[in-house]
Amino acid sequence: MARNRHPNKEVEQAIRHAEHHGWRVMVGGSHAWGKLYCPYNDSECRCGTFCIASVWSTPRNPSSHARDLRRVVDHCTANRHQNDGAQ
């Protein structure tokens, strides 16, 4: 089943970027539109919290929020180790 689209196009593009890199999107939550979950589930990733990023439904600055979501995906330590091994 297809997920709901985010109302902001920049944030939606960041979510698609995360999906392209294997991240799982769970729509729903109390204050958030949804959450992004890292596919690697590595205990050493970030500060032990694994890679989970909240996607806000109405961020104050959608461009900045979209950039932050892309940064979380691109700087995931497990993702970096995978890319280093592939080169």
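**Notes on the model**

1. Arg3 is partly exposed, with a relative accessible area of 23% (buried means under 20%, exposed over 50%, partly exposed in between, using a 1.4 Å probe and protein chains only). This is a predicted model, where local features need pLDDT of at least 70, side-chain atom pairs count only at pLDDT 80 or more, and totals for chains, interfaces and linings use all residues. Residues are numbered from 1 along each chain as its sequence is written, and side-chain values use heavy atoms, with hydrogens and water left out.

2. Glu19 and Arg3 form a salt bridge, with their closest N and O atoms 2.8 Å apart (a salt bridge is a side-chain nitrogen of Lys or Arg within 4 Å of a carboxyl oxygen of Asp or Glu). This pair links distant parts of the chain, 16 residues apart: Glu19 is in helix α1 (residues 9-20) and Arg3 in the segment before α1. Helices are DSSP runs (H or I) of at least four residues, numbered from the N terminus. Glu19 is partly exposed, at 34%.

3. Arg3 also meets Glu12 in a salt bridge of 2.7 Å, N to O. Glu12 is buried, with a relative accessible area of 3%.

4. Glu12 has a salt bridge with Arg16 as well, at 3.0 Å, N to O. Because Arg16 and Glu12 are four residues apart in helix α1, about one helical turn separates them. Arg16 is partly exposed, at 44% relative accessibility.

5. The structure holds four salt bridges.

6. His65 lies in helix α2 (residues 62-74) and counts as buried, at 8% relative accessibility. Leaving aside residues up to four places away in sequence, His65 touches Val11, Ser54, Val55, Trp56 and Pro59 (contact means heavy atoms within 4.5 Å).

Terms used. Helices (H or I, at least four residues) and strands (E, at least two) are DSSP runs, numbered from the N terminus.
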